[in-house]
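Dear colleague,

Please find below the structure that I am handing over to you. My findings follow directly after it.

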Amino acid sequence: MNSTESTGGVSRRDFVAISTAAGMAAFVAPSVLGAQVAGGEPKPLKIALIGCGGRGSGAAAQALKADKGVILWAVADVFPDRMDACLAQFAKHPAKDRVQVPAERRFSGFDGYKKAIASGVDVVLLCSAPHFRPMHLAEAVAAGKHIFCEKPMFVDAPGYRSVVESVKAAKAKNINLMSGFCWRRSAPEAATFAELEKGTLGVPMAYYGCYYTGPLGTKKREQGWSDMEFQVRNWQHFTWLSGDQMVEQAVHSVDKMNWCFRNEPPKSAVGMGGRQLREAIPERGDVYDHFAIVYEWADGRRGFLNCRQEPDCYFENTDWIAGTKGQCFINGWGPTHWMKDPSGKMLWEYPADAPKSDMYQNEHNELFKAIRDGKVINDGDWMVVSCMMAVLGRMAAYSGQQVTWEQATASTESLSPPQYLMGPLDMPVEKKPGQYKVS
Amino acid sequence: MLAAAALALPAAAPLPQTAPIAPAFADKVAGTAITVEMMKVPACDGTAPFFASRVELSWELFDAFLYHLDQKAGGSTAESDAVTRPTKPYVSVDRGYGHQGWPAISMSSKGAVQFCEWLSKKTGRTYRLPTVAEWQCMAKASGVTSATMVEHAWTAADAKNASHKLGSKKADAAGIADLWGNAAEWCVAADGGFCIMGGSFKDKVIDPAAMKPIPETEDWNESDPQFPKSVWWLVDGPYIGMRVVTNDAVPTNPPAKAGTQPAAPAPAGAAPASTEKTK
């Protein structure tokens, strides 16, 4: 059958080739980190984890699994209890012997990241609340460290411009910069987008991505917490910290849209959104609970992005592409990936019995292999576009206006608080379309 | 080609059309519109007779448990509300295969056990996961063979890598649907550990003669990006579901009339915070 033949060539090898083409920017002389010590044991690669939540701890676990030489050497988090909880979990981890973080290498506070980066490590994992990422990234690049950088990379346009500069500097220094846009390292998605590049679907003209899910958890205010502590501990619910659902979560779908349209920024966006079902409690901050964004490219192609965090509603997290020769469906969680012509004939299908692909682990496997081989992966150029597209969508929904890429990227509105201190901080107010201006 | 081969066989007498087997009893779950139908499974190989649900656990019923829908509808009791429930999943845990009428999937063994606990409090019967021996009794009573598997089971032969609507293939000789294929089913092994039985929509071949329990493994949640990994959900177990059994022909501990008891007060200072995660 045609579909079997056309899927027969999808293999792990092809996937690696795809991601290599996408990510390998340069080949440089083998790094000293690639050296093997006598006896064949890999030279230690020390890592620092910045941001010790569930995802940061997960990234550290993936790094430990990716390379037998990896040692978790230092951690940083605004809150000491988060570091301690993370490290206590590692006491039961199979690689616990390579978790070597005594009290003197646990750095708390808003500037703890600087000390962790300066603690003699080779690689840093940037996994804090998104607001802090641009400053963490700038520091890591300045110090010449290889980097795993979770999504999103920034929450506002000043953050975008900072990260663009860091990407340039990382390139100049041949630093590995692996983004946390995990679908790019998922074999079925890589195969789908490679098939798209072959022209099987003709020219992709429209993209619909959806991320319909439930609300995230909150943390009730405890005695002794300052306003700042309360907000940072509930970071998902504050736009200045998370970027809102569009930027923090649905950015995964935006990234696939960007991938489909070859990492070329859209011309503009219009959108809607609001807070329909967020409880009127301070824990729920100022974020919206639904967005519907329409992106438009210079030649008229469009991308549609719907997302929702509302309880007891329909859940779906898939993507759909309309090309000039048919349609494509992507369900990464199925996994189900196919392309059909307008008559419904299957043009291409990802094999149901293909080996499992752990995209989160793949990110770290590729990063540490590149470091060992003296190669450089730099996701910077496209990751800033994906992330800024999400910020653009949020700006369009918040403002109720059509917002252009130029307007959005030139915005001088900083979401940063007046100062990074555990103390008083005003509660942000929900943005009202028609009233809030992109400035 | 299969059709052609079948036509080439001598014409056989049409299969007798038997009436569907009636459930031994059915439990209406208070606060929901759902009724759990239970089928009698005869004693076999030293295992006492018991009752097994006609279909695998549906999303409708698991959702009622997961999202406290019975409580929200005013149809719960203090006892049923006190059962610890899973954290809410952060991805489409139904994987887009289907929801209303489809088997609940991806729950951990802990989630499966807690569901049984909740259902027991809701109905007054002790519901639990089957033992492997009980599952094998169901298999024996099913009368399904390798030759008839395709009539009864969603397997990789025709499932297109997805679960299918509950009972959308022919029920077996005991009146039970989807025992084979569709979602694999959580069971309790002889050593008290958890395992799955029955094969699933992922399996190319399900051979009743070779059916063995597959013990629970961390691989079923290997790609959970968080650490510690979820104790409630299996990122890599989209083919794992469950079926409940009970020995109780009559409720042994009938619940108070739903909604007549005040809900248990939250302990002082208890945070409503959940551990839902973002990714």
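The link of B:Cys44 and B:Cys137 is left-handed, with -95 degrees about the S-S bond. It is a disulfide (a pair of cysteine sulfur atoms within 2.5 Å) with an S to S distance of 2.1 Å, and the structure holds one disulfide over all chains. B:Cys44 lies in the loop between strand S2 (35-41) and strand S3 (50-53) of chain B, whereas B:Cys137 belongs to helix H6 (residues 132-142) of chain B, so the pair ties together parts that are 93 residues apart in sequence. Helices (H or I, at least four residues) and strands (E, at least two) are DSSP runs, numbered from the N terminus.

As to conventions, this is a predicted model, in which local features need pLDDT of at least 70 and side-chain atom pairs count only at pLDDT 80 or more, while totals for chains, interfaces and linings use all residues. Residues are numbered from 1 along each chain as its sequence is written, chains are lettered from A and ligands numbered from 1 in the order in which they are written, and side-chain values use heavy atoms, with hydrogens and water left out.

Both B:Cys44 and B:Cys137 are buried (under 20% relative accessible area, with exposed over 50% and partly exposed in between; 1.4 Å probe, protein chains only). B:Cys116 is in no disulfide, as the nearest cysteine sulfur, that of B:Cys187, is 11 Å away. B:Cys116 is also buried, at 3% relative accessibility. In chain A, the sulfur of A:Cys52 is 4.5 Å from the closest cysteine sulfur, in A:Cys86, which is too far for a bond. A:Cys52 has a relative accessible area of 4% and is buried.

Turning to the interface, chain B contributes 30 residues and chain A 40 residues to the contact (heavy atoms within 4.5 Å). The two chains bury about 2,900 Å² between them, 50% of it on carbon and sulfur atoms; this is the accessible area (1.4 Å probe) that two parts lose on being put together, summed over both. Five salt bridges are found across the interface of chain B and chain A (a side-chain nitrogen of Lys or Arg within 4 Å of a carboxyl oxygen of Asp or Glu). One of them joins B:Lys72 and A:Asp312, at 2.9 Å from N to O.

Finally, B:Asp27 lies in strand S1 (residues 25-28) of chain B and is buried, at 9% relative accessibility.

Yours sincerely
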